[in-house]
Structures are given as structure tokens and as C-alpha cells.
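Okay, everyone, thanks for coming. Have a look at the structure on the screen, and I'll talk you through some parts of it.

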Amino acid sequence: MKRGLAVRLISVAVAAGIACIGVGVNAGGRDWQGRKLPDTPVNFIIGYGSLINAVSRGSTAGATIPAIPVRVAAAFGYIRSWNSRADAFTALGLRSPHPGESAITINGVLYPVKDAELQEYDGREKNYRRVEVPLSQIEAVSWQRLPETGHLWIYVPRDPGTQGTAVDGSAAADADHPLLQSYIDVVIEGGLEYGDDFAKEIIETSDGWSGFWLNDRELARRPLQVLDPRAAKVDELLKKTLTPAQFSARVFPEMYSDIVRAAAAKQP
């Protein structure tokens, strides 16, 4: 084939390809081969507690939802804390800094949600209000890129006594609302999906570790790998990261009743 003819054929092919792409773009969100393009996500959720865990996150959406690890900047103005009261335990939440404190970074995950899924998560997080995080106040901690547009949402605990405003840390764990090891396992094992350092950062940047800490793992004194292969890893990270006094606060149910009685005896 002569060079001039080859060049003309290539030019025709390129022009045809461009034309096809142009048709695809104008054909209702389809590519040049006619395949439907996925809708660009508009809403995203930042999970910093149990939503970090893929299984826990997927249980609400009814499907596996991929997420990328991220970090919310201290400029957002919150501290991750054990301050969200559920029916019978205390979960992770966010709070504003107390006088003399500074806000800190919050590592977690970012994932897209459709409108219907967003309502499902709102229902799951009924004790929280949804707050928008500016795109400028979040950074990726891996090679994956952040969305350039859209709404990034994070859940902040409600304070029932002040018409749904964010709590100030007054909802710390108590005898009736302890920290639960089963919940901690969900959070830390979610962090381990992104590596030991990521999981350790969750522990380090969570305030409010309490003396009311119930070890409610099922058959926890049997070999841990029988029920939860990662339980030993979670304990290893907790021991390395928390102070000995903090970690020794965790007790089994029969011992926890003594702590409840002692706390009740101190009440005026």
C-alpha cells in the first residue's frame, strides 16, 4: 500500500471514530459502541465508624458498595468521639472541640450513593444529622482520585435535648450505654481492609475511650479464630495503641455487672 493512500485511510478512520464518539455522547449517555454509560454520582457518604466496614456498609444498601480511603481535614472542625448513644451502647460520632482543644483529622472511607440509598442510610443513622463536607476539606490517602463535583456527606450525632443540634460530648459512655467490643470489631476490621496503619489511626484519633467497656464477643474465651479470624489482630492494635489503663477497662459480662453496681453506688 502506498504511503499517501495509507495516510488517507488512517485519516478517514480517525474522522469516523470521532464521529461515532460524538454520536455516542449525544445519544443519551452511551459510548461510541452504543453501551450505556454509568450515571455520574452526585452524592457521596464519608464513613468514619461502622460504615468503614464493607459488610456493614453493604447491609444497608443491599449490595456491595466500593469505597476509597480518605481523610477529613482538621479544618472541618470536629473530633471523632465515643459520644453517640444507641439503645443499649455508645457508638462513634463527631463532636466540636472543647475549650482548649483543637479539631483533628478523621480518617474513613468515601463511597457513592444513589438517592434511594441515601435515604436508607439516613434511616440507619437516625440518631445523626447529615452534614456536608466541602470538597476542599477532604484528601485521598491512596492512589484513587476524589470526585471533582458532587455532595460529600458525613453523619454528626444529634443531641435530643437541643432540637437535633450536634452533641458536645456530654453523651459519653455510661453503665447503661457501654462501649461494645462487637461494635469496635466492626470498625477496626473495616479499617484493616485498608491496612494496619489505617486501622491504628482510627484508634488514635478516637476520643472518649471509657471504663464502661463490655467484651460481648460471642464465646470470646474460645480460640478467637473459630469465630472471628481478625479478632486477635484487633486486640493487638488496641493493646499497642491504647494505654494499659484504657485497654484493661474491657471486661466480660459477669464482671461488668460489678462495674455497674459500683457506678450506681457513687450516684448521690
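So, the chain has eight helices and 13 strands; helices (H or I, at least four residues) and strands (E, at least two) are DSSP runs, numbered from the N terminus. Quick housekeeping: this is a predicted model, where local features need pLDDT of at least 70, side-chain atom pairs count only at pLDDT 80 or more, and totals for chains, interfaces and linings use all residues. Residues are numbered from 1 along each chain as its sequence is written, and side-chain values use heavy atoms, with hydrogens and water left out.

How much of the chain counts as buried? Of the 268 residues, 41% do. Buried here means under 20% relative accessible area, exposed means over 50%, and partly exposed is in between (1.4 Å probe, protein chains only). The accessible surface of the chain comes to about 14,700 Å², and 58% of that belongs to carbon and sulfur atoms. Those areas come from the Shrake-Rupley method with a 1.4 Å probe, and for residues only the protein chains shown count as cover. Now take the contacts in the chain with a separation of 6 or more: residues 24 or more positions apart account for 76% of them. A contact means heavy atoms within 4.5 Å.

Let's go to the strands. Strands of a sheet pair through backbone hydrogen bonds, either parallel or antiparallel. For us, two strands pair if DSSP finds at least two bridges between them.

Find strand β5, residues 106-113. It's mostly covered, with seven of its eight residues buried. Strand β1 (residues 43-47) runs antiparallel to β5, joined to it by five bridges, and there Phe44 stands opposite Pro112. Strand β2 (residues 68-72) is also antiparallel to β5, again with five bridges, and Arg71 stands opposite Asn107.

Next up is an open sheet of three strands in the order β4-β3-β11, with mixed pairing. Which strands stand at the edges? They're β4 (90-95) and β11, each with a single partner strand, so one side of each is left without a neighbour in the sheet. Strand β3 (residues 79-85) pairs with β4 in the antiparallel sense over six bridges, and the bridge partner of Ser81 in β4 is Gly93.

Stay with β11, residues 206-207, which is where Ser206 lies. Is Ser206 buried or exposed? Buried, with a relative accessible area of 6%. Leaving out residues up to four places away in sequence, Ser206 touches Arg80, Trp82 and Leu92. And Ile79 is 127 residues away from Ser206 along the chain, yet their C-alpha atoms are separated by 7.4 Å.

There's another open sheet of three strands, this one in the order β10-β12-β13 with parallel pairing. Here β10 (179-180) and β13 (250-251) stand at the edges, and each has a single partner strand, so one side of each has no neighbour in the sheet. β10 pairs with strand β12 (residues 213-214) over two bridges, and Leu179 has Trp213 as its bridge partner.

Now a helix. An α-helix has 3.6 residues a turn, so residues three or four places apart point the same way. In helix α6 (residues 231-241), the buried residues are Ala231, Val234, Asp235, Leu237, Leu238 and Thr241. They cover an arc of only 165 degrees around the axis, which puts them on the same side of α6; the arc is that of the directions from the helix axis to the C-beta atoms. Lys239 and Lys240, on the other side of α6, are exposed. What covers the buried residues? The cover includes α4 (181-192), α5 (196-204), β12, α7 (244-248) and β13.

Last topic: aromatic rings. Rings of Phe, Tyr and Trp (its six-membered ring) pair if their centres lie within 6.5 Å; planes under 30 degrees apart count as stacked, over 60 as edge-to-face and the rest as tilted. By this rule there are eight aromatic pairs. Take Phe76 and Tyr78: their ring centres are 5.1 Å apart and their planes are at 40 degrees, so the pair is tilted. Both Phe76 and Tyr78 are buried. Tyr194 and Phe198 form a tilted pair too, at 5.4 Å centre to centre with 55 degrees between the planes. Tyr194 counts as partly exposed at 25% relative accessibility, while Phe198, at 7%, counts as buried. And one aromatic cluster is formed by Trp82, Phe89, Tyr183, Trp209, Trp213 and Phe247.
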